[in-house]
Amino acid sequence: LPLSAVADDIASLLLPASLDAELVLDMNDAINTNWHVRQFPLQLDREGAGFVASAAIADADVKLCGRAIADPFVEVCFGPYSLLSDANHRPATLPDGLTGDWLVFLRSDDRVLTRPLFVSLSGPVPDPASLLAQAMVQPFGSAQNAALHDFLTLAQGEGDDSEAALAELIRLTAGLRGLPPVTFNVFKPLPDFPLVLAKMAYCASEAERDAIMGLAQALPFAWFLIPRACWDEAANAAGRAAMELLKALPDAPRFAMQMVEAAKRGLVERQPLLEAVFGLGDAIALEDAAQAFLRRARQRIPAGDGTRYRARLGDCLPAYFLRFDTTILDTLDAPCAAALAAKGAWTPT
């Protein structure tokens, strides 16, 4: 079995945890030899006034890069980092004149090789280049948390500033180029703002939408658990934006609706479970779906005690499932609990 078969599962465990998360793999062979999986193959360490990688690099494509917290959209390349360009492998240094807080890392094309290292440089703090940067440059802790909360609250609202904040979130997400989203603290509370997520998904361009939908792999949320009311509000906001863009055309409402429907189709293509959330397609009888699932997957269902969702949602879940073995009740209940979440009946942790 190649490890590529479980790569997505490993990523889904590592990415939402932290930049420093480590997964320990144990082979079922009684030898107890573990493999340790991390997000980054190398580490960037400080050495004097410069930085060195934890292992020698002889790849011409590796570069030392950085992003200023005051302007997180712009990535700066400080030059190559390789034995091919520096035979003595001296510590790499940042250019003179840089000030403020930076994230520094090694990159090879769209692959980030080292955990982004936070560096605070002396000198005057640069002016924030955006609404998001104004929140991000606040001191770590409660001040920054409050500023980021205010920024996300602004992004879910209406008006020019709200549209600008939303556009900045989309731009940062689409421009990560291999940086895990949790590199930037604004993404950590984002799952608590489902309306912002829905608006990002609708308002992103076709070229940006893959990056936006990829957030569910890196943050603890699922697109199909976002309440349908949020999707409806996001679709209405996208429709108003399209109307504003097309208002000079004689048939603007029809074209605006087509733009919204095209965005909806793009979301369903990337996350098919949204088809049910959006009320598209034909419904299948619950009994038929359950029986087909059990015929296909009965041997792969993990055993449970049947209380994972019943203890919280009780009579809201189908009584039909109670005729089956209690050990598989949690698995049968799961999609129904997801549907209740999408209806806004409860909020999963």
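The largest pocket of this predicted model has a volume of about 1,100 Å³, a pocket being an open set of points on a 1 Å grid over the protein atoms alone where a 1.4 Å probe fits, with protein on both sides within 12 Å along at least five of seven lines; the points are joined across faces, edges and corners, and the volume is the space filled by probe spheres set on them. Its lining, made of residues with an atom within 4 Å of a point, comprises 32 residues, of which Leu273, Ala276, Pro335, Cys336 and Ala339 lie nearest the centre. Two or more lining residues come from each of α10 (274–277), α11 (286–297) and α13 (329–342), helices being DSSP runs of H or I with at least four residues, numbered from the N terminus. The most is given by α13, with nine residues. By class, the lining has 25 nonpolar residues, three polar and four charged, where Ala, Val, Leu, Ile, Met, Phe, Trp, Tyr, Cys and Pro count as nonpolar, Asp, Glu, Lys and Arg as charged, and the others, Gly among them, as polar.

Turning to the cysteines, the structure holds zero disulfides, a disulfide being a pair of cysteine sulfur atoms within 2.5 Å. The sulfur of Cys65 has its closest cysteine sulfur in Cys77, at 4.6 Å, which is too far for a bond, and Cys65 is buried at 4% relative accessibility (buried means under 20% relative accessible area, with a 1.4 Å probe and protein chains only). For Cys230 the closest cysteine sulfur, in Cys203, is 14 Å away, again too far for a bond, and Cys230 is buried as well, with a relative accessible area of 13%.

Residues are numbered from 1 along each chain as its sequence is written, and side-chain values use heavy atoms, with hydrogens and water left out. Local features need pLDDT of at least 70 and side-chain atom pairs count only at pLDDT 80 or more, whereas totals for chains, interfaces and linings use all residues.

Technical notes:
Buried < 20%, exposed > 50% of the residue type's maximum accessible area, 1.4 Å probe, protein only.
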